[in-house]
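Dear colleague,

Please find below the structure that I am handing over to you.

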Amino acid sequence: MHYYLYGIAGLALLVSFIVNREKTLKAVKIAAKRFVNILPAFLTMIILVSIVLFLIPDKVIANYLGSDNKFFGVLFASFFGSITLMPGFIAFPLCGILLKKGVLYMVLAAFTTTLMMVGVLTYPIEKEYFGIKVTIIRNIISFFIALVIAVMIGIFFGEIF
Amino acid sequence: MKRDNIVKIVSISCYALFLIVSWIFGFNPGKQIGLNFITFSVDMLIILPCAFILIGLFEVWVKRETVEKHFGEESGIRGYIWGVLLAGTTVGGIYVAFPVAYSLYSKGAKLSVIFTYIGASAICRIPMAIFEASFLGIKFTAIRLLVSLPLVIIASILLGNYLTKRNYKITEAK
């Protein structure tokens, strides 16, 4: 799935190496050092993800998103989207299934947007780079942006009025 | 800091021990968590080395002036456009955007552009948007992008200005 990424990185590395060996070596060193430095934060995140995904499996999320009350549907969706982390290749097919089951577009918008923008589980990484305060502010702002998007989607798809 | 480290090491060890014991005794929840751990680790180990190699190359080849000109204080509206375009090509997820954003920032990009980049790479990655549209429809994706981008940019400008006034600096040397 990410072959092209390896293609680009490999090609860039090769060209760089041909043009200037020393600079390329330096680049690899920087890459390795930064990667190693942030690895513990990633490990923390993956551990949290593995536990949260066990506690809140897809089925549970699907149940709550299908709530009869629009208001609660959106709230549950943004709550679950915020506290979980899913790669797109799992999240969007799941949304596709939910849509066919009659879950509202606005609920799915709240879910996918918070899933992508609000990261309770990516907090260990984000705080390493930006500090605790900025991380919290950015996530709160993102949460409200997701709610606005859900409402707009609801209006455009005629689910609110 | 030291106390934190000890807590971390102890909890990671407990986690690992739990997984091993679950595996030996066939405790299903533990096995499930172990599988989740492996799936996500593999997913990240595929993406991250490439991302960091590109970050390393960016650090040695791209001049500070170039970043300042296109992403910095003087960049005006172009900075946000560049931020969004760069975000469109970002792979993985928001967790890849953080180290990239940090590199940009340390080369002189302004905060509001950095936050625009992070927000946009969460919601406007092109491969992801195409995937999304194929499951939820083009109308859904188009509305989501058209509504979210201005919001992300406005919020980033507000947050950036607020932090700049407060003399906020990203100090972590990662």
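Helices (H or I, at least four residues) and strands (E, at least two) are taken here as DSSP runs and numbered from the N terminus. On that basis, the elements of chain B read α-α-α-α-α-α-α-α from the N terminus on, that is, eight helices and zero strands. The radius of gyration of chain B is 20 Å, well over the 16 Å that the globule rule gives for 174 residues, so chain B is more spread out than a compact globule. This radius is taken over C-alpha atoms, and the globule rule is 2.2 Å times the number of residues to the power 0.38. Along the principal axes, the C-alpha atoms of chain B fill a box of roughly 60 × 45 × 30 Å.

Please note that this is a predicted model, in which local features need pLDDT of at least 70 and side-chain atom pairs count only at pLDDT 80 or more, while totals for chains, interfaces and linings use all residues. Residues are numbered from 1 along each chain as its sequence is written, and chains are lettered from A and ligands numbered from 1 in the order in which they are written.

Domains

Domain bounds come from an automatic or database domain assignment. For chain B this gives domain 1 (1-47) and domain 2 (62-174), whose centres, taken over C-alpha atoms, are 32 Å apart. Chain A is divided into domain 1 (1-55) and domain 2 (57-161), with 28 Å between the centres, again over C-alpha atoms. The contact between these two domains of chain A takes nine residues from domain 1 and eight residues from domain 2, where two residues are in contact if their C-beta atoms, placed from the backbone, lie within 7 Å. On the domain 1 side there are eight nonpolar residues, one polar and no charged. In these classes, Ala, Val, Leu, Ile, Met, Phe, Trp, Tyr, Cys and Pro count as nonpolar, Asp, Glu, Lys and Arg as charged, and the others, Gly among them, as polar.

The interface between the chains

In all, 54 residues of chain B are in contact with 58 residues of chain A. On the chain B side, α1 (2-25), α2 (28-61), α5 (94-106), α6, α7 (126-136) and α8 (138-165) each supply at least two residues. Helix α2(B) gives the most, with 23 residues. By class, the chain B side holds 42 nonpolar, six polar and six charged residues.

Helix α6 (residues 105-117) of chain A and helix α6 (residues 111-123) of chain B have axes that come within 8 Å and cross at roughly 135°. That makes α6(A) oblique to α6(B). Axes are lines fitted to C-alpha atoms, for helices over the stretch in contact, and angles run from 0 to 180 degrees between N-to-C directions. Angles under 35 degrees count as roughly parallel, over 145 as roughly antiparallel, 65 to 115 as roughly perpendicular and the rest as oblique. In this pair, A:Thr113, A:Met116 and A:Met117 meet B:Gly119, B:Ala122 and B:Ile123. Four of the residues in the contact are nonpolar, two are polar and none is charged.

A helix pair within chain A

Helix α7 (residues 123-130) and helix α8 (residues 132-156) of chain A pack at an angle of about 125°, with their axes 7 Å apart. Here A:Tyr123, A:Glu126, A:Lys127 and A:Phe130 in α7(A) meet A:Ile132, A:Val134 and A:Thr135 in α8(A). This contact comprises four nonpolar residues, one polar and two charged.

Yours sincerely
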